[in-house]
Amino acid sequence: MKALFILGILVFMYCSSVFAHPEFQRYSKEVSGRSINCAMCHMHSDGPVGLKPGQIGSLNQDELNALGLARQAFKPGSGAKSPILNEFGNVIVEQLGKEKILMIKQRPELLVESLSKTSDLDSDGITDVEEFKDGTHPLNSLDGHPWKLFKNNLLKNWFHILMLGLATGCGLYGLYNALLWLAMKARREE
Amino acid sequence: MSERKSKLWRTIKFFSERIPLHKMSFESMVSKKEVPVHHMSWAYYMGGLTLLFFSIQMITGIFLLFYYQPTVSDAHASVEYITFFVKSGFLVRNLHTWSSSCMILCLMIHMITAFAMKSFARPRELTWISGSLLLILTFSFGFTGYLLPWHQIAVNATKVVLQSIEEAGRYLPGALSTLPTYIKEIIQGEASVGQATLSRFYALHVVVLPLLFFGALGLHLLSVQLHGMSQGIDKLAKKSEKFFPFFILKDFWLWGLVFLVVFILSLCLPFESFYSYPLFEAYDALGSTPDGIKPEWYFYFLYYPLEILPFWVVMLGMGISSIGLFMVPWIFKNTSRKVLSIIAWIIAAYLIIMTFFGQLIYEIFKGSHS
């Protein structure tokens with residue numbers, strides 16, 4: 001039992017040193033001025049270490065096996081899916097491979113140059129790389145740079161907005177005439 | 001006996017002057033009602049806009065009630081469900097959020113302009129008092145509604161506010177010192193912010209406050225309609241327009257335009273995008289607290305002074321201002337509109353500076369003291 005506990009702690013320490021990359025988080029925070037956390041790439045906002053859902057301590061045997069495979073994904077395009085990473089985290093591993101991630105760890109700005117410039121996982125019109133620089137969540141379509149989101153959504157919803165404008169205009173025109181008619185009728189009755 | 005009678009008579013006289021029920025007719029309240037036209041006429045529309053936003057709040061709030069679960073385990077998930085899975089749920093929720101901010105903004109402008117125009121002067125004291133009550137109720141709506149999504153910023157900000165209430169006890173004498181703790185416990189309902197707090201805030205937000213709001217709003221609107229629009233400026237306005245149909249028509253046009261703008265904002269710009277995403281994750285009592293926990297922007301005028309100045313100074317200021325707010329018609333009874341305008345500008349400048357530059361002031365202050 002004691003040996004298992006020590007082994008657990010060792011696994012924790014090893015995993016935390018291998019899987020947590022706060023350098024990227026710090027970089028995103030610095031360039032964006034926004035507060036961000038591990039949930040940008042990880043399943044859990046407190047990072048990979050712990051017993052909560054999405055953290056190493058909570059994984060079952062199959063997930064541990066998947067984690068083992070993901071840890072060996074040193075080259076890009078391995079197709080491995082780590083259960084402690086979210087989709088964006090897995091895309092980074094898939095596109096760069098762990099070797100490169102570890103290489104650029106000290107120069108996190110290189111991550112921006114290395115990632116795909118077109119990938120937009122949450123389909124909010126802002127690419128993942130831009131979201132990383134803006135300190136917004138690449139998997140949350142409601143989180144993004146306010147101006148960019150507004151512009152993209154305006155273009156996306158222009159037809160709805162046009163229709164609403166027309167409906168409001170027509171409604172007000174009708175109301176205008178109805179009220180004028182009522183006022184005239186009231187005056188006539190006087 | 002005669003003294004008591006005269007007191008009663010004076011009370012009846014006071015209320016009959018403030019609520020002139022004999023003017024309660026279609027002619028007086030609608031067809032013959034005139035609205036003065038002058039350089040401050042735009043301010044007459046602010047109350048109507050506040051009412052529009054309240055109506056949006058009520059309608060969108062009812063839709064949100066269909067799906068919202070007021071339990072600590074499901075509240076956040078139900079809000080996420082509304083946002084991402086219910087058809088147009090995102091739009092309804094965002095409309096609710098945007099219009100709450102717009103409502104408070106319009107209400108503040110309405111109060112400040114009404115003050116500058118001396119719209120509280122006799123016989124409109126009750127209009128002012130009911131308006132002040134509506135302001136406090138609106139802030140209470142904001143405070144109680146903030147907790148409901150049960151995300152990090154909501155729970156942590158509520159904890160900070162409740163902690164501030166308890167802290168006030170340190171500055172009160174004798175037996176009174178335990179009163180704030182007692183109030184905090186009543187609001188909180190348990191040892192820490194939890195299920196009891198959420199249930200209380202939910203009940204207040206969707207039942208108690210709306211009922212009180214309807215009562216105060218009824219009194220306010222009745223009073224406005226019975227007395228008509230206040231003169232607003234020192235000299236009698238040279239021109240006036242008919243309330244019905246011309247003023248109402250302009251009001252509706254403005255409502256339509258403003259609704260369109262708020263709808264576009266709600267459709268295209270999630271309110272939460274102005275904040276960092278960790279603040280909107282489900283509250284985790286055992287997890288780390290994200291940076292940037294703050295109340296909503298409309299409480300910044302109170303929040304930043306609390307962060308910068310000694311607690312008792314802010315509490316004293318707040319206590320005096322709260323009492324002063326209700327006493328405005330008597331305190332400024334003989335004050336000219338010119339002086340009132342200067343005071344109104346000072347209040348507006350304070351609110352704008354604290355809302356937009358509060359963080360900067362806080363950082364400068366903190367920097368110079370660290």
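Residues are numbered from 1 along each chain as its sequence is written, and chains are lettered from A, with ligands numbered from 1, in the order in which they are written. Because the model is predicted, local features need pLDDT of at least 70 and side-chain atom pairs count only at pLDDT 80 or more, while totals for chains, interfaces and linings use all residues.

**Chain A**

Chain A has eight helices and zero strands. Helices (H or I, at least four residues) and strands (E, at least two) are DSSP runs, numbered from the N terminus. Of the 190 residues of chain A, 29% count as buried. A residue is buried if 20 or more other C-beta atoms lie within 10 Å of its own, exposed if 12 or fewer, and partly exposed in between, with C-beta atoms placed from the backbone. Among contacts in chain A between residues at least 6 apart in sequence, 39% join residues at least 24 apart. Two residues are in contact if their C-beta atoms, placed from the backbone, lie within 7 Å.

One buried position of chain A is P83(A), which has 20 other C-beta atoms within 10 Å. P83(A) sits in the loop between helix 3 (61–71) and helix 4 (87–104) of chain A. Leaving aside residues up to four places away in sequence, P83(A) touches L59(A), E63(A), A66(A) and L67(A). Between P83(A) and A73(A) there are 10 residues in sequence and 13 Å in space, C-alpha to C-alpha.

**Where the chains meet**

In the contact between the chains, 34 residues of chain A meet 29 residues of chain B. On the side of chain A, helix 7 (146–156) and helix 8 are the elements that give two or more residues. Helix 8 of chain A gives the largest share, 14 residues. By type, the residues on this side divide into 17 nonpolar, 14 polar and three charged. Ala, Val, Leu, Ile, Met, Phe, Trp, Tyr, Cys and Pro count as nonpolar, Asp, Glu, Lys and Arg as charged, and the others, Gly among them, as polar.

Helix 8 (residues 158–189) of chain A packs with helix 10 of chain B at an angle of about 170°, and their axes are 10 Å apart. Axes are lines fitted to C-alpha atoms, for helices over the stretch in contact, and angles run from 0 to 180 degrees between N-to-C directions. Helix 8 of chain A and helix 10 of chain B are therefore roughly antiparallel to each other. Angles under 35 degrees count as roughly parallel, over 145 as roughly antiparallel, 65 to 115 as roughly perpendicular and the rest as oblique. The residues of this helix contact comprise 20 nonpolar, five polar and no charged.

**Chain B**

Helix 10 of chain B has 26 residues and reaches 36 Å from its first C-alpha to its last, close to the 38 Å expected at 1.5 Å a residue. The expected span of a helix is 1.5 Å times one less than its number of residues. Buried residues of helix 10 include F243(B), P245(B), W255(B) and F259(B). A cis peptide bond joins F244(B) and P245(B), with omega about 10°. Another cis peptide bond, also with omega about 10°, joins R122(B) and P123(B), and P123(B) is in the loop between helix 5 and helix 6 of chain B.

The largest nonpolar core has 69 residues, and those with the most contacts inside it are F53(B), M103(B), L147(B), W150(B) and A154(B). Helix 5 of chain B supplies the largest share of this core, 13 residues. A nonpolar core is a set of buried Ala, Val, Leu, Ile, Met, Phe, Trp, Tyr and Cys residues joined through C-beta atoms within 7 Å. L147(B) touches A154(B), V155(B), T158(B), L198(B) and F201(B), not counting residues up to four places away in sequence. The buried residues of helix 7 of chain B, among them A154(B) and V155(B), pack against helix 6 of chain B.

Two residues of chain B have a positive phi although neither is a glycine.
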